[in-house]
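Please read the following explanation with the model open beside it, and look up each part as it is named.

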Amino acid sequence: MVLVKRPTPKKKEGTVVNQKTLCGVCGDLPPSLTVKTGMDERFPESFGRLQSFDLGSDREIYQCPGCMSIFEWIDEPQYYGSGRLDQESLTRLSEEEADLVLALWTRPLDSLEADSLLETAFARLPAGLVTNLFHALVYRDPRRLGCFLPALAARFLGNDESGLRDLLSDYGYENPKQAALILENLAGKGRTPGPLAGKLMERCRGWSQAGGD
Ligand SMILES: [Zn+2]
């Protein structure tokens with residue numbers, strides 16, 4: 001379950017820290033914390049009272065039900081060795097970052113707003129966090145993800161990056177209609193696609209034809 005409303009009557013810069021320190025739920029969580037789970041270290045108990053967005057990945061968003069703060073949790077397993085160096089980190093997002101996450105996730109929007117929101121999000125938030133949020137939308141709210149499609153396609157054409165390729169690929173695979181739309185958006189920008197984009201366009205062509213329309 002996700003809590004969305006943030007009680008932010010005072011929007012002044014710099015008031016965030018005090019507000020959070022007073023929170024009875026998450027007040028004892030520092031701005032950023034890493035625990036070595038491989039050495040049996042654990043987060044403070046209050047971590048268990050935060051509510052997950054259920055993105056279903058090793059990079060998760062949590063929200064405090066008390067003050068609506070947003071946290072990013074990252075699982076950092078060591079892929080070799082004994083596992084003793086496995087660790088997890090938890091970082092409290094700034095108020096601006098938190099508002100951006102909530103806007104991406106739930107704010108009603110038209111495609112024009114989606115374009116500028118996406119640009120701001122990639123400029124202010126870790127790219128992996130943004131891509132992860134969108135990836136969860138593939139399964140939870142594909143229509144919402146569709147609002148961001150023109151901007152995502154433009155960005156992908158610009159950087160030919162594998163994270164965006166994976167996102168758009170899963171999106172198209174899940175729904176042939178979206179595959180046709182992805183193709184349209186990638187082809188319609190008048191730019192030469194990079195190797196990853198070119199390959200994805202081929203696959204989208206196949207999916208949309210197999211989808212029958
Ligand atoms: Zn809190």
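How many residues does helix 7 have, and how far does helix 7 reach from its first C-alpha to its last? Helix 7, which runs over residues 162–174, has 13 residues and reaches 18 Å, close to the 18 Å expected at 1.5 Å a residue, where the expected span is 1.5 Å times one less than the number of residues. This is a predicted model, in which local features need pLDDT of at least 70 and side-chain atom pairs count only at pLDDT 80 or more, while totals for chains, interfaces and linings use all residues. Residues are numbered from 1 along each chain as its sequence is written.

The protein has nine helices and five strands; helices (H or I, at least four residues) and strands (E, at least two) are DSSP runs, numbered from the N terminus. Read along the sequence, these elements follow the pattern α-β-β-β-β-β-α-α-α-α-α-α-α-α. Of the 213 residues of the protein, 28% count as buried; a residue is buried if 20 or more other C-beta atoms, placed from the backbone, lie within 10 Å of its own, exposed if 12 or fewer do, and partly exposed in between. Among contacts between residues at least 6 apart in sequence, 62% join residues at least 24 apart, and two residues are in contact if their C-beta atoms, placed from the backbone, lie within 7 Å.

Let us return to helix 7. Its buried residues are Leu164, Leu167, Leu168, Ser169, Tyr171 and Gly172, and they pack against helix 4, helix 5, helix 6, helix 8 (176–187) and helix 9 (195–211). Helix 6 and helix 7 pack at an angle of about 140 degrees, with their axes 9 Å apart; axes are lines fitted to C-alpha atoms, for helices over the stretch in contact, and angles run from 0 to 180 degrees between N-to-C directions. That angle makes helix 6 oblique to helix 7, because angles under 35 degrees count as roughly parallel, over 145 as roughly antiparallel, 65 to 115 as roughly perpendicular and the rest as oblique. The contact is made by Leu152, Arg155 and Phe156 of helix 6 and by Leu164, Arg165 and Leu168 of helix 7. In the loop between these two helices lies Asp160, which has a positive phi of about 45 degrees although it is not a glycine. Asp160 counts as partly exposed, because it has 16 C-beta neighbours inside 10 Å.

Helix 6 also meets helix 8, and here the axes come within 9 Å and cross at roughly 55 degrees, so that helix 6 and helix 8 are oblique to each other. On the helix 6 side, Leu149, Pro150, Ala153 and Leu157 meet Leu181, Ile182, Asn185 and Leu186 in helix 8.

Leu118 leads us to helix 3. The 14 residues of helix 3 (residues 111–124) should span 20 Å at 1.5 Å a residue, and its end C-alpha atoms are 20 Å apart, which agrees. Which residues of helix 3 are buried? They are Ala114, Leu118 and Ala121. These cover an arc of only 70 degrees around the axis, which puts them on the same side of helix 3; the arc is that of the directions from the helix axis to the C-beta atoms. An α-helix has 3.6 residues a turn, so residues three or four places apart point the same way. On the other side of helix 3, Leu112, Ser116 and Ala123 are exposed. The buried residues pack against helix 2 (95–106), helix 4 (127–140), helix 5 (142–147) and helix 6 (149–159).

Finally, consider the loop between strand 3 (59–63) and strand 4 (70–76), which is the place of Cys64. Cys64 is buried, with 23 other C-beta atoms within 10 Å. Although Cys64 and Cys26 are 38 residues apart in sequence, they are 6.6 Å apart in space, C-alpha to C-alpha. Met68 is also in the loop between strand 3 and strand 4, and counts as partly exposed, with 18 C-beta neighbours inside 10 Å.
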